[in-house]
Amino acid sequence: MTATATSTPPPAAPKVSGGKGGRTRLSFPVVLLIVAGALLALSAVRAITGAQDVTSAGQISAALAMAVPIGLAGLGGLWAERAGVVNIGLEGMMILGTFFGAWAGWQTSPWLGVLAGIIGGMLGGLLHAVATVTFGVDHIISGIAINILALGFTTYFAKLWFNTGEAAAKGGSPKQSPPSDDITSVTIPGLSDWLHSIEKHHWFFVSDVAGVVGGLVTNVSLLTILAVILFVVTFFVLWKTSFGLRLRSCGENPIAAESLGVNVYRYKYIAVIISGGMAGLGGAFLSLVTSHIYNEGQTGGRGYIGLAAMIFGNWRPGGLAMGAGLFGFADALQLRNGGESVHALLLLLVVVLAVLAAWKLYRKSFVQGAVSAVIAAAVLVWYLATDTVPTEFVSATPYIVTLLVLSLSAQRLRMPKADGMRYRKGQGK
């Protein structure tokens, strides 16, 4: 999410890909090392504190289910912002996806509900594109307006469609829809049971790996598999095709793109409509997979968290997936009565803050280092003085993690240069 401006975007600067003064792009082996290090840290926390649920298959399975709608919302934001349009209206487009997905899902089939949710989100994306691309409305104002309109629209029509006739007889009410059928889930036979047997031994690291992998291969919804495929397709289309190059050029320097014959308006429209469809799919996942019904307010700010995951991922699908996984893990804690698990993770937070304080002091950032050290000490006192954390704190964990991650990663971010800037056709003439 970025601020908007009315000025003409500056000419594109040479890209920095690494080396001195540049940002080093993480390679796949480095990413694997980071993941292994994080899992090793969680394994140590589990062994020290005895909080076995931290790396259990149930926790990972719940985290995956929570990460999918966040990741899809973030993927929608990535499409829009790579074309230069800030889409803070992802929350509203998710709301439309939850509503239309549940509305079609209980009457027909869940897969038609998925399609209806995508179309609902695309309608929200089209409205955002008309406002920002055609009429030049400030991107933030348009996005907020869509969020408000989507909430009002679904609240009004839920009372009309879910509270009368057959819908009411099947469990509908002014705030929820009748339940829809399940979308098929898959489990790898044999492997899931074998991993579960290893997890039960609680061996250091080995059982933790078994729990994580077991959670990823047990009762996985087909819609989750579709979401993973969409991440791969997005990377291929945006970074490996001429279409993707032209779309990304609209977010870097639309004037230069126009001078080369790119129809900037068309690509912005395509990107924002796809963005809405992705967010709508995330909303449909919530109403058709997570809960099987539409519930008023069930998005719970996941559109905004998806934007945070996109920013954390530096506007790239791989980093976005890692951010969505992190936020999904934090979100899943509240589903599994995670007071003990969150209390155990306080110890991990102490270590992270202590390492950060040492690094800042080494770089002679004395104020930041001292602040990190003081916070680490306060969290350590909290951990030693308590056995669990309040339920209210567990519920706030996803939002606290969002703030911490964005504050720690802000210095390495590089958004598209023309992101959020108003563009009018013919500016370069």
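## Aromatic pairs and core packing

In this predicted model, Trp239 has a relative accessibility of 16% and so counts as buried, the limit being under 20%. Its ring partner is Phe235, with which Trp239 forms a stacked aromatic pair, and the two residues lie 4 residues apart in helix H9, about one turn of the helix. Phe235, by contrast, is partly exposed, its relative accessible area being 32%.

The count of aromatic pairs comes to 17, and two of them are set out below.

| Pair | Centre to centre | Angle between planes | Geometry |
|---|---|---|---|
| Phe99 and Tyr294 | 5.4 Å | 90 degrees | edge-to-face |
| Phe235 and Trp239 | 6.1 Å | 20 degrees | stacked |

The pair of Phe99 and Tyr294 links distant parts of the chain, since Phe99 belongs to helix H3 and Tyr294 to the loop between H12 and H13, 195 residues apart. Both of these residues are buried, and they belong to one aromatic cluster that also includes Trp103, Phe153 and Trp161.

The largest nonpolar core has 52 residues, and Leu75, Trp79 and Leu223 are among those with the most contacts inside it; its largest share, 11 residues, comes from H12. Leu75 touches Leu230, Phe231, Thr234, Met278 and Leu320, leaving aside residues up to four places away in sequence. A second, separate core of 23 residues includes Leu42, Val45, Val54 and Tyr383.

Arg248, in helix H10, is buried yet has no salt bridge, the nearest side chain of opposite charge, Glu252, being 6.5 Å away. The Arg248 side chain does, however, reach the backbone oxygen of Leu238 at 2.6 Å.

Conventions:
Residues are numbered from 1 along each chain as its sequence is written. This is a predicted model: local features need pLDDT of at least 70, side-chain atom pairs count only at pLDDT 80 or more; totals for chains, interfaces and linings use all residues. Side-chain values use heavy atoms; hydrogens and water are left out. Buried means under 20% relative accessible area, exposed over 50%, partly exposed in between (1.4 Å probe, protein chains only). Lys and Arg count as positive and Asp and Glu as negative; His and the chain ends are not counted. A salt bridge is a side-chain nitrogen of Lys or Arg within 4 Å of a carboxyl oxygen of Asp or Glu. A polar contact is a pair of N or O atoms within 3.5 Å; within protein, one must be able to donate a hydrogen and the other to accept it, and residues adjacent in sequence count only if both atoms are side-chain atoms. A nonpolar core is a set of buried Ala, Val, Leu, Ile, Met, Phe, Trp, Tyr and Cys residues joined through side-chain atoms within 4.5 Å. Contact means heavy atoms within 4.5 Å. Rings of Phe, Tyr and Trp (its six-membered ring) pair if their centres lie within 6.5 Å; planes under 30 degrees apart count as stacked, over 60 as edge-to-face and the rest as tilted.
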